[in-house]
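Biologist: Could you walk me through this one slowly? I would like to start with the aromatic side chains and then move on to other things.

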Amino acid sequence: MGLYIEARIRADPDELWTRTQDPAQHQRWDLRFTEIAHLPRAEGEPQRFRYATRVLPFLTVAGTGVSAGERARPDGTRVSALRFASPHPLSLLAEGSGYWRYVPDGDGVRFLTGYDYRPRWGVFGALADRMVFRPLMGWATAWSFDRLRLWLERGITPERALRNWLAELAVRAVAVTVACAGLGWESFLRLLGPFAASAAFLPPLLMSVVVCLALFVSPLSRTPAARRCLRTPPARACAPHLLRTLDGPR
């Protein structure tokens with residue numbers, strides 16, 4: 001099953017197009033890539049590009065892709081399609097294809113993507129992809145789309161958005177750690193004196209409240225969040241003409 005992500009972004013369509021099609025700007029907000037660069041091309045040839053992802057400080061996985069086509073409609077809708085592949089033996093992703101679609105919607109744009117790929121490593125790769133890699137890719141794409149939204153709507157740079165996310169994640173982790181470790185609960189009960197025994201239920205209750213708040217309360221408005229994006233395609237046709245093109249001979 002392919003991945004689908006959609007975000008509604010209140011921004012100028014041309015500005016959104018630039019920040020997603022220009023490699024230097026794309027690599028700033030897309031968590032999936034460390035580097036994206038166009039490759040030289042002759043006139044009339046499709047645009048090829050190289051992408052790389054730093055998996056570990058000493059390991060970078062790279063691949064190449066080609067823009068399969070771009071289309072614009074009279075209503076302002078644009079579609080950009082591509083194919084990609086990675087020959088790196090440590091890359092679970094062998095090859096794939098997808099599209100980006102830009103649909104004007106009132107004072108904003110419905111920015112969406114649909115893509116799929118073939119994993120390598122046989123049965124083990126298929127299992128790893130289904131259990132870990134594919135859900136992670138879906139989350140990273142949605143998180144990145146929301147980071148792009150914050151950049152366009154609120155002027156929060158991708159670098160600042162990442163710092164906001166890390167800071168909020170650290171605060172939530174500390175809150176859960178303190179609550180689960182029970183730090184300060186004994187001192188709290190001693191302050192209640194003779195009522196300590198009857199209030200013994202309070203520490204586990206408060207711990208549960210803190211953990212629930214840390215895990216489930218919506219992120220701050222200046223922090224990127226994958227949950228703000230649509231992850232299931234609505235009941236509409238999503239660039240079927242391009243999907244047929246991408247599924248054809250390569």
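Biologist: Which residues do ring pairs link into a cluster?

Modeller: Keeping in mind that this is a predicted model, ring pairs join W17, W29, W100, Y102, F111 and F145 into a cluster.

Biologist: And how many aromatic pairs does the structure hold?

Modeller: There are 13 aromatic pairs in the structure. In one of them, the ring centres of W29 and W100 are 6.1 Å apart and the planes meet at 35°, so this pair is classed as tilted. W29 belongs to helix α2 (residues 23–29) while W100 belongs to strand β6 (residues 93–105), so the pair ties together parts that are 71 residues apart in sequence.

Biologist: Are W29 and W100 buried or exposed?

Modeller: Both W29 and W100 are buried. Another aromatic pair is formed by W143 and W165, and this one is edge-to-face, with 5.3 Å from centre to centre and 70° between the planes.

Biologist: Where in the chain do W143 and W165 sit?

Modeller: W143 is in helix α3 (residues 122–154) and W165 is in helix α4 (residues 158–181), so the pair links distant parts of the chain, 22 residues apart. W143 counts as buried because its relative accessibility is 1%, where buried means under 20%. W165, with a relative accessible area of 22%, is partly exposed.

Biologist: Back to W17 for a second, what charged end sits over its ring?

Modeller: That is the charged end of R78, which sits over the ring of W17 at 4.8 Å from its centre. The charged end of R134 sits over the ring of Y117 in turn, 4.2 Å from the centre of that ring.

Biologist: Which residues of helix α1 are buried?

Modeller: In helix α1 (residues 13–21), the buried residues are L16, W17, R19 and T20. At the start of α1, a side-chain oxygen of D12 comes to within 3.1 Å of the backbone nitrogen of D14.

Biologist: Changing topic, what volume does the largest pocket have?

Modeller: The largest pocket has a volume of about 1300 Å³. Its lining is made up of 48 residues, and R32, F33, Y51, T53 and M137 are the ones that lie nearest the centre of the pocket.

Biologist: What gives the most to that lining, and how many of its residues are nonpolar, polar or charged?

Modeller: Helix α3 gives the most to the lining of the largest pocket, with 8 residues. The lining as a whole divides into 27 nonpolar, 14 polar and 7 charged residues.

Conventions:
Residues are numbered from 1 along each chain as its sequence is written. This is a predicted model: local features need pLDDT of at least 70, side-chain atom pairs count only at pLDDT 80 or more; totals for chains, interfaces and linings use all residues. Side-chain values use heavy atoms; hydrogens and water are left out. Rings of Phe, Tyr and Trp (its six-membered ring) pair if their centres lie within 6.5 Å; planes under 30 degrees apart count as stacked, over 60 as edge-to-face and the rest as tilted. Helices (H or I, at least four residues) and strands (E, at least two) are DSSP runs, numbered from the N terminus. Buried means under 20% relative accessible area, exposed over 50%, partly exposed in between (1.4 Å probe, protein chains only). A charge sits over a ring if NZ of Lys or CZ of Arg is within 6 Å of the ring centre and within 35 degrees of the ring normal. On a 1 Å grid over the protein atoms alone, a cavity is a set of points where a 1.4 Å probe fits but cannot get out, and a pocket is an open set with protein on both sides within 12 Å along at least five of seven lines; lining residues have an atom within 4 Å of a point. Grid points are joined across faces, edges and corners, and a volume is the space filled by probe spheres set on the points. Ala, Val, Leu, Ile, Met, Phe, Trp, Tyr, Cys and Pro count as nonpolar, Asp, Glu, Lys and Arg as charged, and the others, Gly among them, as polar. A polar contact is a pair of N or O atoms within 3.5 Å; within protein, one must be able to donate a hydrogen and the other to accept it, and residues adjacent in sequence count only if both atoms are side-chain atoms.
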